[in-house]
Amino acid sequence: MNRLSYIGARLVKTVLITIAVVLLSFFLVRLAPGDTATVMAGQGGFADEAFMKSLRAEYGLDQPVLVQLWKYISAVAGGDLGNSFVRRQPVLDVILERLPNTLLLNAFALLVAVAGGVLMGMAAARRPGSTTDASMTVLSMIFYAMPQFWLGMMAMLVFSVWLGWLPPFGLETMGADYTGLARLGDIAVHMILPGVTLALYFMASYARLTRTAMIEVADQDFVKTARAKGIGEGQVARRHILRNALVPLITFAGLQSAILVGGSVLVENVFSWPGVGTLAYEAVTTRDNPLLLGIFIVTAVLVSLFNLVTDIAYSIADPRVEQGR
Amino acid sequence: MEPLIAIKDLIVSLPPGADRAHAVDGVSLSILPNEILCIVGESGSGKSLTAHAIMRLLPRGVTASSGEILFEGTDVLRLSPSAMRKLRGAGVAMIFQDPMAALNPVVTIGKQITEQIRAHRAVSEKDALEQASSLLAEMGLKEPKALLKSFPHQLSGGQRQRVMIAMALSLSPKLLIADEPTTALDVTTQAQILKLIKRIQAERQMSVLFITHDFGVVADMADRVAVMRHGRVVEEGSVSDVLGDPKHSYTRALIAAVPRGESMLQPVAQDAPLLSVKDLAKNFRRGGFFSGASAVKAVDRVSLTLSRGETLGIVGESGSGKSTLARCVIRLLDPDAGEMLFDGADIAHMGERQLRPLRRRIQMVFQDPFSSLNPRQTVGEIVIAGPRAYGEDMKEARSRAADILRLVGLNPETMHRFPHEFSGGQRQRIGLARALMLKPDILIADEPVSALDVTVQAQVLKLLDDVRQQMNLAMLFITHDMRVAAQVCHRVMVMRHGQVVESGPTREVFAAPSSEYTRSLLAAIPGRGKLASV
Amino acid sequence: MKDFLRVFFSRPIPLVGLVIFAVIVALALLAPLLFGRGPFIIVGMPLLPPGAPGLLAGSDVLGRDMAVGLAYGARISLLVGITSTLCAVGIGVLLGAVAGYYGGWLDDLLMRVTEFFQIIPSFVLLMVLVAFLQPSLSSTVIGIALVTWPQVARVVRGEFLSLRGREFVQAARTLGMRDARIIFTQVLPNALPPIIVVGSMMVGSAILTESALSFLGLGDPNLLSWGSMIGGSRSAMWVAWWTTVLPGLAIMITVLALNFIGDGLNDALNPRRRR
């Protein structure tokens, strides 16, 4: 029963966050100079009188703020994130078209980051203070300090330009028209550079977190008890140390996904990966404000949902979780 | 008779940078089959590390650098890791102090028991669970089948310790090592666990190595006892010999320091009480947004009076509300209902403004010597902080501080030092000095000696009593230890679940308790009657 | 204080970090003196490699002096990094202290807000903010400060909450000290170490964020920063590696130095020997 009410509480929280995101967007528009219609029309639409008129009506700019707010919320709830004048398409459609590519890239990066990070962290934790440990710490510090976009460019320089091992741009080879398995393989090869670049920063944090968690857990009394029971070291490491150390990592993955999206914007741009990140960049350069705002809303909601999933996973992993906060 | 365990000249070294080179400095002991040996000592005596050395479970950086530990003739310290693993849990088993920390929080109880059984025997999970179930029943736990599916945090402290003991016994070891297994438990639970250990020892005819700091427990449990100090065995022998005729001065001091549960004090006249509390109530809300918020009655209509020159003891186990009561009296918490008349004025619901001038007259000494002093202030700054807050002149405050520090037995020259440079007992003295600087009428002592070693405890208790007499204070003494209450309190009040269960002059309450609960508290006192009167 | 300095300087890493950071600060401060004509002046042919006459670091896509650009870029990075962190820390300490010490609905509210900022993608939000406020130095600083103060507030709130429950703070209340006095003399000195450590790490991440923004073209269009140098060199990267590699190295070395300092501060301020 505890778990059910916990999940219920988290669901409510996700809904509240979504509402807060929409509210925030509503007020963000008001930040910009000019009225809402000007902002939402962006650079292109400004000139078109008819368009401006329809926008003003749509946003109800002559009506009190609360009515405008209500119009906005109901629009978003219905899936209407406005229209991109630049592209002459509904914003949501534009985003949904590119979304799968971003999801693919981010999922891959998250997997690589978690797997690589946990393995590195475990190796470092096995012998704290050793050369393995120290070199891992230094390595993570270096990756932490690198701008992600620059790292991507360096990787491109080394692996595409100088070594020629991996393709530098895009989702798949242009004009090749692969199908089926060959197409998947092609996409996979293109995904390696941007995916690993995106993953490296997070691998560093996962490695550090795993290392700290494992060292702290290893010092706890119940690990001593496990040894006192005559259990083999392997089982102690797996069922007792790792099992407990991994618990905070689950929540961490959820929180990291928010930063992952930001990194994705940069990495996608460097590698011309046709995802939401490059879309955001295009929105900035063409002053396509509805699109930019729409991207914010969509990514925020998605990350929030992912956090819901990780929190539920956490409640399964850690039986001590009570309902509420 | 061949000893089960023979420790010869054991030396356990600490990592470089520790305050001493060896935690255990040449210890030789033996444990015979079918006996209970207690190792008793204060903190830093090396008793716990000696026990850990037998299991080769020393912490990182700490090593058994020399000596032998023979288990049935084989030197445990020279065994291969796999041979040692086979011995652990099967030949020798160990239970630890804090059962909550000693159980894996994310694995079920059943799994934790079966993994031990299956690490040593080729048994199916089903059969292992059966064994686990009967073990739990043997330990006196109800509904063992349900317990197997539970997680540690769902059990009480006493239940958890029984689970630990069940696990330890699952493979019928020849030796059970118990490292302060009851120190973290309530006194009534402690009594039950001690009885349990004695029973299983007799039933299974195994040996028990029992580590403790409490000579009362020694009197109850031990066949033989070894006293340790600074890593060495100071005295050893049968319990009757050591208790009846202790040879070493340290042993004598340890035994003398244990508070006897016998009260010598006469109650003080209650004609003009300084503090009069009536029907005080304090509730806490439990549960978050989505649970049914239930109110916990931490203090449930409690009344008391306190007069100058007396010490009123408030005794109870954890969750009894005694600390909450103390914090309400000193207005660290705001009571929900009731009145507290202090010198005529009702301070229970007084606003902060009005309360301020009265605050200085009620002061508190806290429990934890390590967190009750600001680590970033010097002792001098800590002690004069109170008077300074009331606008007293710096020079004046400093000179008074010197006097007060002398009064509590500290050298005023050390005023410029920081708290971490002092021992636990000294820090409690500093806390007392801080409280006395404001010349209070009432001093509340919230478990002031619970965190101290027993010899230091005796000194601080004496100091508190002396100070109370000298400054004609009224003292409210909170404790969970009936023996301590008997030593310093004129009157005593027993609390349980937020309510007063019994109160009266200490001698009377101890001699003829009227409530069942008080009787069980008194019965639970370890070593009652077995330690000779000083 | 003596203890702190001793531990801080006992390891090589914080020392190295401090030296490197000092060099970069010096470079930033002296830039106008050394390179008085500013980074936008065209000095020669574009894409000349480092070592070409008069060009220590080569020239960029438009023929501007890379070395001058790097020096002026340092000014921007440090300015944005330090200012935005100071703002974020200011807001965060204020709100976190009040929430942590007084608790109640204030604390609940703050917790919700910090959780919200933790969950939403803050970089995208930052992009929206800067785009809507029109890209400039001030919008960058304000944007970064607005997006990062919740981190500080969370740490401060945690510290204040735990310290409020410590017995010596309770003792201060029983001694009759007023709240303000307690906060300043008892709580704050003990809460300061983690705040300092978080602050030093935040300067580094603020610099990284600023570079990301200017890489995407959301930085101040009138100022040259390391990020914009990298962004502007994208087309030339394949033939003139120095236009990309050098500014990136500059960012990395600066942030690394700051992280080293932060690591040293963490060790020196950590009361591990507290027995």
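Predicted model: local features only at pLDDT ≥ 70, side-chain atom pairs only at ≥ 80, totals over all residues.
1. An α-helix has 3.6 residues a turn, so residues three or four places apart point the same way.

2. Chain B is divided into two domains, of which domain 1 takes residues 259–361 together with 440–526, while domain 2 takes 373–439. Taken over C-alpha atoms, the centres of domain 1 of chain B and domain 2 of chain B are separated by 25 Å. The contact between these domains draws on 11 residues from domain 1 of chain B and on 12 residues from domain 2 of chain B. On the side of domain 1 of chain B that touches domain 2 of chain B, helix α17 (residues 454–471) of chain B gives the most, with five residues, and the residues of that side divide by class into nine nonpolar, one polar and one charged.

3. Where chain A meets chain C, 37 residues of chain A are in contact with 34 residues of chain C. On the side of chain A that touches chain C, at least two residues each are supplied by α1 (2–31), α6 (131–145), α7 (148–162), α10 (233–271), α11 (276–285) and α12 (289–317) of chain A, and α12(A) gives the most, with nine residues. How many nonpolar, polar and charged residues does the side of chain A that touches chain C have? By class there are 32 nonpolar and five polar residues, and no charged residues, on this side of chain A.

4. The contact of chain B with chain A takes 30 residues from chain B and 26 residues from chain A. Among the elements of chain B, α2 (81–87), β6 (92–95), α3 (99–102) and α4 (109–120) each supply at least two residues of the side of chain B that touches chain A, with the largest share, four residues, coming from α4(B). This side of chain B has 17 nonpolar, eight polar and five charged residues, which may be read beside the 32 nonpolar, five polar and no charged residues on the side of chain A that touches chain C.

5. The largest nonpolar core has 333 residues, and those that touch the most other members are A:Ala280, A:Leu292, B:Leu476, C:Met127 and C:Val128. Helix α3 (residues 66–102) of chain C provides the largest share of this core, with 17 residues. For B:Leu476, leaving aside residues up to four places away in sequence, the residues touched are B:Leu306, B:Leu312, B:Ile314, B:Ala326, B:Val329, B:Ile442 and B:Ile444. As general background, in soluble globular proteins nonpolar side chains tend to be buried together.

6. Chain A has 12 helices and two strands, and from the N terminus on its elements run α-α-α-α-β-β-α-α-α-α-α-α-α-α. The C-alpha atoms of chain A fill a box of roughly 80 × 55 × 40 Å along the principal axes, and of the 325 residues in this chain 45% are buried. Of the contacts in chain A with a separation of 6 or more, 72% are accounted for by residues 24 or more positions apart.

7. The C-alpha trace of chain C spans about 75 × 45 × 30 Å along its principal axes, and buried residues make up 54% of the 275 residues in chain C. Among contacts in chain C between residues at least 6 apart in sequence, those joining residues at least 24 apart come to 69%.

Technical notes. Residues numbered from 1 in each chain as written. Chains lettered and ligands numbered in written order. Contact = placed C-beta atoms within 7 Å. Nonpolar A, V, L, I, M, F, W, Y, C, P; charged D, E, K, R; others polar. Domains from an automatic or database assignment. Buried ≥ 20, exposed ≤ 12 C-beta atoms within 10 Å, placed from the backbone. Core = buried A, V, L, I, M, F, W, Y, C linked by C-beta atoms within 7 Å.
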